[in-house]
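Notebook open, viewer open. I want to go through this model piece by piece and jot down what I look up.

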Amino acid sequence: MLVRDWMTRDPVTVTPDTPVMDALKTLKEGNFRRLPVMDKGKLIGITTRKDLKDAMPSKATTLSVWELNYLLSKLTVAEMMARPVITAAEGEYMEDAALRMQEHHVGGLPVLDDSGKLTGIITTMDVLRAFTEILGMREGGPRITLEMPDTPGSLERATQAIMPSNIISVATYDGRGDRRRFVMRVSGEGMENVKQRVRDSGITVLD
């Protein structure tokens, strides 16, 4: 699963001299949270709805309406954008991009092609879409969580026990000690008693 398969292509962008009020209007009309900042075709920053709103004067300000309007007209994206920009590459794996988002505590990454051109943006919502796709959520069928020894051959053993049902998706994570957990979604023939077949084979079924 590559970033290019899940990203939003051709994202809306702004320039560094875009007024903050205009950028906020763009975000509201497009119903999204972040805007890459471009200058002469090059990505130089990124700004978010929170960044822009934080730049707005407090409601408790003593400034007059005229003074407020004047200040806001002078405030530009260049003063609020984050830089340098943390990015993703079109051809990298989704999990690598997701890990970078987690490590840097950001909700989205502009995506660049091999030439450094901005071609998309990947967000937390895109990561969630990929996650649910991996787990086969939209395909239906029972979900089974198994716990087995973390040794070669465990997955093959589970596959044999699940037959003749078809395995739609498989995910795995650490269990307890030398055990490993497998989350599977199945469909097709024999679904009504698939968990019992797995138990009968000596495999622990958690749910």
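**Strand 6 and its sheet**

I began with strand 6, residues 118–123. Strand 6 is mostly covered, with six of its six residues buried. This is a predicted model, so I read every value below as computed from it.

Which strands does the sheet hold, and in what order? I traced four strands in an open sheet, ordered 1-6-5-4, with mixed pairing. The edges are strand 1 (8–9) and strand 4 (88–89), each of which pairs on one side only.

Next I checked the partners of strand 6. On the strand 1 side I found two bridges, and the two strands run antiparallel. Threonine 8 sits opposite isoleucine 121 of strand 6, and arginine 9 sits opposite glycine 120.

On the strand 5 side the pairing is antiparallel too, over five bridges. One bridge I looked up there links glycine 108 to threonine 123 in strand 6. Strand 5 and strand 6 make a hairpin with five residues between them. In the turn, glycine 116 has a positive phi of about 90°.

**Helices over the sheet**

Helix 4 (residues 94–104) lies across strand 4, strand 5 (108–112) and strand 6. Its direction is at about 135° to strand 5. Helix 5 lies across strand 1 and strand 6, and runs at about 70° to strand 6.

**The largest pocket**

I put the volume of the largest pocket down as about 390 Å³. Its lining counts 15 residues, and the closest to the centre are Asn31, Phe32, Arg33, Arg34 and Thr123. Which elements give two or more residues to that lining? They are strand 2 (34–39), strand 6 (118–123) and helix 5 (124–134). Helix 5 gives the most, with three residues. Sorted by class, I get six nonpolar, five polar and four charged residues in the lining.

I went looking for exceptions.

Asparagine 31 has a positive phi of about 55° although it is not a glycine. I placed asparagine 31 in the loop between helix 1 (20–30) and strand 2. Is asparagine 31 buried or exposed? Its relative accessibility is 65%, so asparagine 31 counts as exposed. I had already listed Asn31 among the residues closest to the pocket centre.

Histidine 105 is another non-glycine with positive phi, near 55°. Histidine 105 is in the loop between helix 4 and strand 5. Histidine 105 counts as exposed because its relative accessibility is 73%, and the cut-off is over 50%.

**Cis peptide bonds**

I found a cis bond between arginine 83 and proline 84, with omega about -5°. Proline 84 belongs to the loop between helix 3 and strand 4. A cis bond also joins methionine 163 and proline 164, where omega is about 15°. Proline 164 is in the loop between helix 6 (154–162) and strand 8 (166–174).

**Threonine 76**

Last stop was the loop between helix 3 (65–74) and strand 4, where threonine 76 sits. Threonine 76 has a relative accessible area of 17%, so I logged it as buried; the limit is under 20%. What does threonine 76 contact, leaving aside neighbours within four places in sequence? I listed Pro16, Asp17, Thr18, Pro19 and Val20.

Terms used: Residues numbered from 1 in each chain as written. Predicted model: local features only at pLDDT ≥ 70, side-chain atom pairs only at ≥ 80, totals over all residues. Heavy atoms only, no water. 1 Å grid on protein atoms, 1.4 Å probe; cavity = no way out; pocket = protein on both sides within 12 Å on 5 of 7 lines; lining within 4 Å. Points joined across faces, edges and corners; volume = space filled by probe spheres on them. Nonpolar A, V, L, I, M, F, W, Y, C, P; charged D, E, K, R; others polar. Pairing = 2+ DSSP bridges. Contact = heavy atoms within 4.5 Å. Axes fitted to C-alpha atoms, helices over the stretch in contact; angles between N-to-C directions. Buried < 20%, exposed > 50% of the residue type's maximum accessible area, 1.4 Å probe, protein only.
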